[in-house]
Amino acid sequence: MTLKQNDAFHDPQIARHLAERITRNSRRPVRFMEVCGTHTVSIFRSGIRSLLPETIALLSGPGCPVCVTAQKEIDAFIALAREPETIVATFGDLIRVPGSGSSLQREMADGADVRIVYSTFDAVNLARENPDKRVVFLGVGFETTAPTVAAAILAAHQQKLDNFSVVSAHKTVPPALEALADGEINIDGFLLPGHVSVIIGLDAYRPFFETHRVPCVVAGFEPADLLQGIAMLVDQVESRQPALENAYPRAVSPAGNPKAMAVMNEVFEMADADWRGIGTIPDSGLAIRETYAAFDAVKVFDIRLKSVPEPKGCACGEILTGMKIPPQCPLYKTVCSPMAPVGPCMVSSEGTCAAYYRYHGEE
């Protein structure tokens, strides 16, 4: 079954037919991993797991940008909030993520000037409107948000703003797939992220696929989108013919968005990056090029990242790599909850623990 009309993805009957197809065709026990926080939430919200046969286990991977941000980076963000005459601009999910001894929210309560913004250009505007303050934007995310951050740096450069800078903690998805495929958990197929793929395109995953020959399908976010992607993974597994396929062609093309990629590549270059739960992945981060060093907060503030341990007892790192599910964390629903989070997986709206907690997904 191929879905061609946008309305079909909202049709419960189409979703039911896809679920029946999956149940009919799935014979071998498999583990599929989604590598997208929006997929994780959509799977829980729409009850996808309850529609699948016992042969299929869905694992949530490192698809939440805030969740994979290393503890030492969170501590650096908090240190920046303590700098005098400095405004820290950030998206809302970061505010409540605990660092080693504080959080941005606590720093705000203590008088730090931390602003929640809704776009990177809001941060540029803050710099223009507050010439006597240093404005730092906390750049966290994958290839979806990196082009907008790059565009903001270009805008600040054009406007000759000397009080605007960015901490680039951006990470890229394909190298993370390599680390997951080489990890301890056997993964039989990947449900690839929709939003990231809109930017980088299907072909960006081809080197990974050709190396590992593991079933891969890009999927959208509606229930039928997700079931279509899972059905295609099942077909690949059962036919023993792994492929790189696109179940989201109405938004994702082979080449992605060349203009967005050009802006991103103009400002950023590949660099090693630390991922919570995984460790250092070579060439998986985006560092600001020397050409735009004046806008690199790491250099402007001489930030020194210091290795720090994960919160004691928190299994967020193991959850991000599919080694555990939230109920297997000793802190889940006891010490750690959305009201009093210990780790970022319980903070972010895209975090696996938060999704489990909200949708009671303990199946």
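Which helix and strands each supply at least two residues of the lining of the second largest pocket? They are helix H5 (71-81), strand S6 (164-168), strand S10 (268-275) and strand S11 (279-288). Helices (H or I, at least four residues) and strands (E, at least two) are DSSP runs, numbered from the N terminus.

This is a predicted model: local features need pLDDT of at least 70, side-chain atom pairs count only at pLDDT 80 or more, and totals for chains, interfaces and linings use all residues. Residues are numbered from 1 along each chain as its sequence is written, and side-chain values use heavy atoms, without hydrogens and water.

**Pockets**

A pocket is an open set of points on a 1 Å grid over the protein atoms alone, where a 1.4 Å probe fits, with protein on both sides within 12 Å along at least five of seven lines; lining residues have an atom within 4 Å of a point. A volume is the space filled by probe spheres set on the points.

| Pocket | Volume | Lining |
|---|---|---|
| Largest | about 460 Å³ | 23 residues |

Pro65, Val140, Gly141, Thr145 and Glu350 lie nearest the centre of the largest pocket. Its lining divides into 11 nonpolar, 10 polar and two charged residues. Ala, Val, Leu, Ile, Met, Phe, Trp, Tyr, Cys and Pro count as nonpolar, Asp, Glu, Lys and Arg as charged, and the others, Gly among them, as polar.
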